[in-house]
Amino acid sequence: MKKKIGVKVLGTGSCFPKKVITNVDLEKIVDTSDEWISTRTGIKERRMSEKDEPTSELALKASLEALKVAGISPKQIDIIIVATITPDMFFPSTACFLQAKLNILSVPAFDLSASCSGFIYGISVAKAFIESGFYKTILLVGADELTKITDWTDRSTCVLFGDGAGAMILSASESNEDILSVFLGADGSYSDLLFLPAGGTRSPATIDTVNEKLHTIKMRGQEVFRVAVPKMVLAAEKALEFSGKRVEDVKLFIPHQANMRIIEAVAKRIGISMDRVFVNIHKTGNISSATTITALDEAIKTGKLKVGDIVELVAFGGGFTWGATVLRV
Ligand code: UT7
């Protein structure tokens, strides 16, 4: 009988732009306060990319770090997947820009769009590629620059988002199975609660769409909040069930960092105490598909996770999309 191919996580890396925007900085541009932002969201500051620092640039730095940790060279990568909703351009894909920067020409590369759940969707695709025998070593990146699609006059959204990138190297293994389960979901009937209205084929860019700021994120926050909690709980519970693990087996729970109140509500409902929940929202804000992977990378770097620990990532975002994965570090 043919032996099942397992997946090993060889390494992770991350990159944040240097520029820090604090809540106090935001007080100077919109009618808001550090107190409102901190208590309603948990965010204190976020990182902002430079004009000449596109998503692929952050993706490159995160990838190089992940490659170094994995102890492999770019030439050993068989395929590149970049989860993003803020690509360098509509096309070519950010994955193609990254491929050229890594100088691994002819390696297949594509982008994946699933908003804040993008990295978890990417894990599912990478796992399937490896298990099918199609590819052995995969570079998976979650990278977003939400500050570049933010309306800086809209206080209800501009205080929430930031920029960053995280990367993971996954490889075929005969002895390991690090990705214990993945659960994904989506509901497109909610597409009008969190979206970017113009620039696509439904509403191509015109002077009017620019003047009306339709190339920036629109969100009905409270309604998003109401759906986010139960869907994240569902995803977390399903992924745990599929993995055969119990809540007690999970060393660290890494939820999407969109709002501290969402994180606390989800943790309470799945019965995990906050000391086992990873939170870095105060430093990063919401960085969409980069959130869970950069948080995982930080948890590893800071020693919160050790080799062999079980961790669960859970995300929710525009679409709506949601997903969770249970993995072994
Ligand atoms: O990553 C994808 C998923 N995204 C999310 O999960 C986001 C989910 N939603 C949220 O995190 C929250 O709904 C927000 C943080 C966006 C908003 O918090 P909220 O507690 O739902 O506030 P709200 O929208 O109900 O607004 C309450 C008040 C309003 O004023 P009035 O109408 O009560 O006078 C807003 O105009 O707060 C006002 N407000 C602000 N005040 C100061 C909204 N934004 C701000 C602000 N500063 N930045």
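Colleague: Which are the buried residues of α11?

Modeller: They are T291, T292, I293, T294, A295, L296, D297, E298 and A299. Buried means under 20% relative accessible area, with exposed over 50% and partly exposed in between (1.4 Å probe, protein chains only). Helices are DSSP runs of H or I with at least four residues, strands are E runs with at least two, and both are numbered from the N terminus. One caution: this is a predicted model, where local features need pLDDT of at least 70 and side-chain atom pairs count only at pLDDT 80 or more, while totals for chains, interfaces and linings use all residues. Residues are numbered from 1 along each chain as its sequence is written, and side-chain values use heavy atoms, leaving out hydrogens and water.

Colleague: Why is α11 called largely enclosed?

Modeller: Because nine of its 11 residues (the helix covers residues 291–301) are buried, α11 is largely enclosed by the rest of the structure. Just after α11, G303 has a positive phi of about 80 degrees.

Colleague: OK, zooming out. How is the chain divided?

Modeller: Into domain 1 (6–176) and domain 2 (180–328). Those bounds come from an automatic or database domain assignment. The C-alpha centres of the two domains lie 14 Å apart.

Colleague: What about the largest nonpolar core: which residues touch the most other members?

Modeller: F253, V266, I272, V314, F316 and F320, out of 46 residues in that core. A nonpolar core here is a set of buried Ala, Val, Leu, Ile, Met, Phe, Trp, Tyr and Cys residues joined through side-chain atoms within 4.5 Å.

Colleague: Which elements each supply at least two residues of this core?

Modeller: β8 (179–186), α8 (221–243), α9 (260–270), β12 (310–317) and β13 (321–328) each do. The largest share, 10 residues, comes from α8. Both domains take part, as the core draws at least three residues from each of domain 1 and domain 2.

Colleague: And I272, what is it in contact with?

Modeller: Setting aside neighbours within four places in sequence, I272 is in contact with V247, F253, A267 and V277. There is also a second, separate core of 31 residues, which includes V7, M168, L170 and L327.

Colleague: Back to α8. Is V224 buried or exposed?

Modeller: V224 sits in helix α8 and counts as buried, at 8% relative accessibility. Not counting residues up to four places away in sequence, V224 touches L193, L194, M219, F316 and F320. V224 and F320 are 96 residues apart along the chain, and their C-alpha atoms are separated by 8.8 Å.

Colleague: What does the side chain of S243 reach?

Modeller: The backbone oxygen of L240, at 2.6 Å. S243 is in helix α8 too, and it is buried with a relative accessible area of 14%. Beyond its neighbours within four places in sequence, S243 is in contact with L180, S181 and V326.

Colleague: Which side chain has an N or O atom 2.6 Å from a ligand oxygen?

Modeller: Q222. The side chain of H256 has an N or O atom 3.0 Å from an oxygen of the ligand, and a polar backbone atom of G221 is 3.0 Å from a ligand nitrogen. Taken alone the ligand exposes 950 Å², and the protein buries 74% of that. Those areas come from the Shrake-Rupley method with a 1.4 Å probe; for residues, only the protein chains shown count as cover.

Colleague: Last one: where is W322 found?

Modeller: In strand β13. W322 counts as buried, at 6% relative accessibility. Its touching residues, leaving out those up to four places away in sequence, include Y121, F183, K231 and A235. W322 and A235 are 87 residues apart in sequence and 6.9 Å apart in space, C-alpha to C-alpha.

Notes. Contact means heavy atoms within 4.5 Å. A polar contact is a pair of N or O atoms within 3.5 Å; within protein, one must be able to donate a hydrogen and the other to accept it, and residues adjacent in sequence count only if both atoms are side-chain atoms.
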